[in-house]
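The following note sets out numbered points on the structure shown below.

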Amino acid sequence: MDAILDQFLNFAIMQKVWPLLLRGLGTTLYLCALVIPLGLAGGLLVALLSRSKRRAVTWAAIALVDLFRAAPPLVLLILLYSGLPFAGINLSPTVAVCLAFFCNTSSYYGEIYRAGIESVGRGQWEAARSTGLSAPQTLAYVVLPQAVRNVLPDLVSNTIEVVKLTSIASVVSFPELLYSADMARSLTFNSSPVVLAALIYVVILWPLVRLVSRLERRVAAH
Amino acid sequence: MTAWERFVDTFFKPAMLAQYWPDILKGMLVTVEIAAAVVTTGLALGLALASLRAYRLLAVNALIVVFVDVFRALPPLVAILLIYFGFPSIGINLPSFVVLWLVLSFVLAAFAEEIFWAGITSTPKGQWEAARSTGLSFSQTLAYVVMPQAVRLGVPPLTNRTIAITKNTALGTVIGVGEILNQATTAQSFTGNATPLMMGAIAYIVLFVPVVALGRWIETRFAWRRA
């Protein structure tokens with residue numbers, strides 16, 4: 001038992017690596033602040049394109065979404081980070097991570113927006129247009145607010161997944177929380193830093209996980 | 001060399017395609033094996049936990065909720081590194097594929113439990129009462145009346161979640177599981193060429209595009225409007 005505590009809950013070591021992990025957490029949050037808005041914007045674009053009147057555009061958008069939902073994000077990231085240099089294109093870890101996340105998350109967010117837009121009745125479009133609103137105005141003031149409300153649990157739940165996903169950036173030496181913890185582990189020969197990182201992730205994301213459960217129940221009750 | 005030739009030479013070099021496709025194929029097999037294991041155990045464990053939760057035993061339910069919440073909030077890569085590098089120092093040596101299988105199964109079980117549980121709670125009370133009054137026991141009502149509906153309700157949300165978690169088998173490369181990505185990065189480090197990586201990406205797309213398309217179909221097929 002003592003061995004387990006010493007290996008996984010060594011407070012002396014946790015205290016020592018705390019500043020390092022805090023810096024890692026800061027980098028994780030910075031990364032989230034980059035990739036979540038990018039993904040939300042890209043997703044909206046993809047959702048709108050997949051509802052285009054031009055068949056070719058619709059098909060291209062759906063094909064792209066399915067392609068990026070089929071490729072694991074870590075594969076995309078490694079392809080961009082380790083593959084592109086062979087073609088003479090060197091991306092910094094930050095750019096590679098942002099690009100890989102953009103492809104992945106905008107596909108997932110896009111599917112959610114699409115479901116949300118489809119959940120708003122056709123009549124709403126027609127009514128809004130007949131009051132003299134233009135198509136972009138109808139979308140922005142009438143359809144999107146309702147669409148987002150209908151799929152809010154999925155949007156939040158996907159955002160949790162994106163935050164969790166930032167941990168794969170450690171594989172390309174991006175100094176986020178997991179990378180810092182793993183570095184601390186190899187320096188101290190002790191797993192407590194990784195346990196601390198796990199606790200930090202859970203403490204940050206647990207309220208959001210609860211929120212999703214509550215939102216899901218509320219939407220289901222409608 | 002034109003730009004196009006250079007592109008082909010970097011990402012689709014024929015000699016490398018010929019040399020490394022058996023490795024990539026071997027990786028695909030490992031990926032499929034782990035994915036199948038994760039889906040089976042993850043869904044079974046999720047179903048078992050949701051059924052157990054229906055008995056409303058306070059202490060048991062508290063444990064289930066903690067398990068579910070932790071594995072929904074924790075990035076799988078963190079759990080993988082923790083178990084693979086941490087456990088040997090307390091005398092537990094697990095092979096890398098076992099670690100990957102365990103972690104992904106737990107993550108899937110957590111999400112599946114939550115989805116099945118939502119199905120159980122959304123079954124109207126009248127159904128429970130009607131089933132019990134015909135003489136079915138609590139367990140029989142759960143097994144024959146409530147769970148079939150809960151599972152059916154859970155199919156659409158669970159399909160996409162399952163696909164997403166199955167794709168996480170790629171995380172195994174970090175601890176050296178010989179799946180597709182691991183084969184690809186190993187080959188790439190020998191060749192100094194991006195072709196094996198591209199082959200790996202294509203292998204995933206070949207495996208998962210049909211699954212994603214199937215998921216789309218299941219979503220519409222099982223979409224169940226409750227009046």
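1. Confidence. pLDDT is the predictor's confidence in each residue, on a scale from 0 to 100. The model is predicted, and local features were required to have pLDDT of at least 70 and side-chain atom pairs pLDDT 80 or more, whereas totals for chains, interfaces and linings use all residues. Residues are numbered from 1 along each chain as its sequence is written, while chains are lettered from A and ligands numbered from 1 in the order in which they are written. Chain A has a mean pLDDT of 93, with 98% of its residues at 70 or more. Among the elements of chain A, the highest mean pLDDT belongs to α2(A), at 96, and the lowest to α1(A), at 88.

2. Overall make-up of chain A. Helices (H or I, at least four residues) and strands (E, at least two) are DSSP runs, numbered from the N terminus. Chain A contains 10 helices and zero strands. Its C-alpha trace spans about 70 × 50 × 25 Å along the principal axes. Of the 222 residues in chain A, 41% are buried; a residue is buried if 20 or more other C-beta atoms lie within 10 Å of its own, exposed if 12 or fewer, and partly exposed in between, with C-beta atoms placed from the backbone. Two residues are in contact if their C-beta atoms, placed from the backbone, lie within 7 Å. Among the contacts in chain A with a separation of 6 or more, 75% join residues 24 or more positions apart.

3. Helices α2 and α5 of chain A. The axes of α2(A) (residues 11–49) and α5(A) (residues 93–118) come within 6 Å and cross at roughly 45 degrees. Axes are lines fitted to C-alpha atoms, for helices over the stretch in contact, and angles run from 0 to 180 degrees between N-to-C directions. The two helices are therefore oblique to each other, given that angles under 35 degrees count as roughly parallel, over 145 as roughly antiparallel, 65 to 115 as roughly perpendicular and the rest as oblique. The crossing of α2(A) and α5(A) is right-handed; a crossing is right-handed if the near helix is turned clockwise from the far one by less than a right angle, and left-handed if anticlockwise. The residues of this contact comprise 16 nonpolar, seven polar and one charged, where Ala, Val, Leu, Ile, Met, Phe, Trp, Tyr, Cys and Pro count as nonpolar, Asp, Glu, Lys and Arg as charged, and the others, Gly among them, as polar.

4. The interface. Chain A contributes 37 residues to the contact and chain B contributes 38. On the side of chain A, α10(A) supplies the largest share, 11 residues. That side divides into 26 nonpolar, five polar and six charged residues.

5. Val212 of chain B. Val212(B) is found in helix α9 (residues 195–222) of chain B. It counts as buried because it has 22 C-beta neighbours inside 10 Å. Beyond its neighbours within four places in sequence, Val212(B) is in contact with Asp66(A), Arg69(A), Ala70(A) and Ile163(B).

6. Backbone angles to check. Most residues other than glycine have a negative phi. Ser173(A), in the loop between α8 (152–165) and α9 of chain A, has a positive phi of about 60 degrees. With 11 C-beta neighbours inside 10 Å, Ser173(A) counts as exposed. Arg56(B), in the loop between α2 and α3 of chain B, has a positive phi near 55 degrees. Arg56(B) also counts as exposed, with 8 C-beta neighbours inside 10 Å.
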